[in-house]
Amino acid sequence: MPENLRSRTITQGVQRSPNRAMLRAVGFKDEDFSKPIVGVASAHSTITPCNMGIAPLAAKAEAGIRAAGGMPQVFGTITVSDGISMGTEGMKYSLVSRDVIADSIETACNAQSMDGVLAIGGCDKNMPGAMIAMARMNIPAIFVYGGTIKPGHLEGEDLTVVSSFEAVGQYSAGRIDEVRLLAVERNACPGAGSCGGMYTANTMSSAFEAMGMSLMYSSTMSAEDAEKAINTEIAGKTLS
């Protein structure tokens with residue numbers, strides 16, 4: 001049985017010669033038109049640290065799909081950051097963005113007749129958005145968690161973004177001064193990755209793994225550790 005049951009709609013037959021011409025421009029060769037086309041839905045953005053490390057992971061997924069005999073097609077989707085928009089009018093867009101993300105992934109996969117999709121997300125909006133799209137399309141799919149942020153450090157204390165929220169309350173109550181408030185702010189989020197702690201992103205990543213939508217043992221990896229990149233490439237191979 002052919003493995004490209006959906007994508008053969010755009011790759012097979014005389015009438016699809018123009019379609020193949022377009023695909024050749026993005027790297028397809030004669031032998032590639034019988035391979036499954038696998039989408040890589042990348043939620044990379046520099047809007048939030050949760051997603052700023054996803055672009056290299058998408059490249060690893062692409063390499064894994066190719067190595068396993070598939071043809072990857074990478075596309076993007078939006079994200080918003082609750083941590084940045086919180087307390088502003090921007091929060092009105094937060095829940096709505098999940099539907100926009102789901103719609104964008106479904107649109108790309110179905111419009112391009114993709115045979116499967118690997119989605120990479122790292123926040124509490126693009127993670128459920130990707131899962132909604134996967135459930136609606138019912139095609140082979142894997143979710144890759146972008147990974148958690150590493151803890152910040154200040155005077156021997158581990159910090160997360162919640163430490164910064166707490167510091168605002170402490171300052172307002174007169175328990176710390178402005179110097180301490182600024183020190184916490186500067187050290188709470190040291191790099192790429194989702195908010196540290198069992199908040200929405202890390203909780204969802206654990207649930208996705210338990211549901212079988214992510215590879216085993218992948219939900220607790222740090223965004224900046226080498227094992228996350230290795231795991232993403234394995235996920236691409238597994239899906240293909």
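Let's start with a pocket: G83, V161, S164, F165, V168, E185, A188 and C189 line the second largest pocket. A pocket here is an open set of points on a 1 Å grid over the protein atoms alone, where a 1.4 Å probe fits, with protein on both sides within 12 Å along at least five of seven lines; lining residues have an atom within 4 Å of a point. This is a predicted model, where local features need pLDDT of at least 70 and side-chain atom pairs count only at pLDDT 80 or more, while totals for chains, interfaces and linings use all residues. Residues are numbered from 1 along each chain as its sequence is written, and side-chain values use heavy atoms, with hydrogens and water left out.

**The chain as a whole**

- The protein chain's secondary structure comes to 10 helices and six strands; these are DSSP runs numbered from the N terminus, with helices being H or I of at least four residues and strands being E of at least two.
- The C-alpha trace spans about 75 × 35 × 30 Å along its principal axes.
- Of the chain's 240 residues, 46% count as buried, where buried means under 20% relative accessible area, exposed means over 50%, and partly exposed is in between (1.4 Å probe, protein chains only).

- Sorted by class, the lining of the second largest pocket has five nonpolar, two polar and one charged residues; Ala, Val, Leu, Ile, Met, Phe, Trp, Tyr, Cys and Pro count as nonpolar, Asp, Glu, Lys and Arg as charged, and the others, Gly among them, as polar.
- The largest pocket comes in at about 400 Å³, and of its 23 lining residues, C50, D82, G83, V161 and C195 are the closest to its centre.
- Helix 4 (82-85), helix 7 (161-172) and helix 9 each supply at least two residues of the largest pocket's lining.

**Aromatic pairs**

- There are two aromatic pairs in the structure; rings of Phe, Tyr and Trp (its six-membered ring) pair if their centres lie within 6.5 Å, and planes under 30 degrees apart count as stacked, over 60 as edge-to-face and the rest as tilted.
- F28 and F33 make a stacked pair, because their ring centres are 5.6 Å apart and their planes sit at 25°.
- F28 is buried at a relative accessible area of 5%, and F33 is buried as well, at 6%.
- F143 and F208 pair up edge-to-face, with 5.2 Å centre to centre and 80° between the planes.
- F143 belongs to strand 4 (residues 141-145) and F208 to helix 9 (residues 200-211), so this pair ties together parts that are 65 residues apart in sequence.
- Both F143 and F208 are buried.

**Helices and their buried sides**

- Helix 7 has 12 residues and reaches 17 Å from its first C-alpha to its last, close to the 16 Å expected at 1.5 Å a residue; the expected span is 1.5 Å times one less than the number of residues.
- S163, S164 and A167 are the buried residues of helix 7, and they fall within an arc of 100° seen down the axis, so they line one face of the helix. The arc is that of the directions from the helix axis to the C-beta atoms.
- Helix 5 (residues 94-111) has 18 residues and reaches 26 Å between its first and last C-alpha, close to the 26 Å expected.
- In helix 5, the buried residues are S94, S97, I101, A102, I105, A108 and C109; they cover an arc of only 140° around the axis, which puts them on the same side of helix 5.
- L95, T107 and A111 are exposed on the other side of helix 5.
- Helix 10 (residues 226-239) has 14 residues that should span 20 Å, and its end C-alpha atoms are 21 Å apart, which agrees.
- Helix 10 buries K228, N231, T232, A235, G236 and L239, and an arc of only 145° around the axis puts them on the same side of the helix.
- On the face of helix 10 turned away from its buried side, A226 and I230 are exposed.

**A loop residue**

- S81 is in the loop between strand 2 (71-76) and helix 4, and counts as buried at 12% relative accessibility.

Terms used
Grid points are joined across faces, edges and corners, and a volume is the space filled by probe spheres set on the points.
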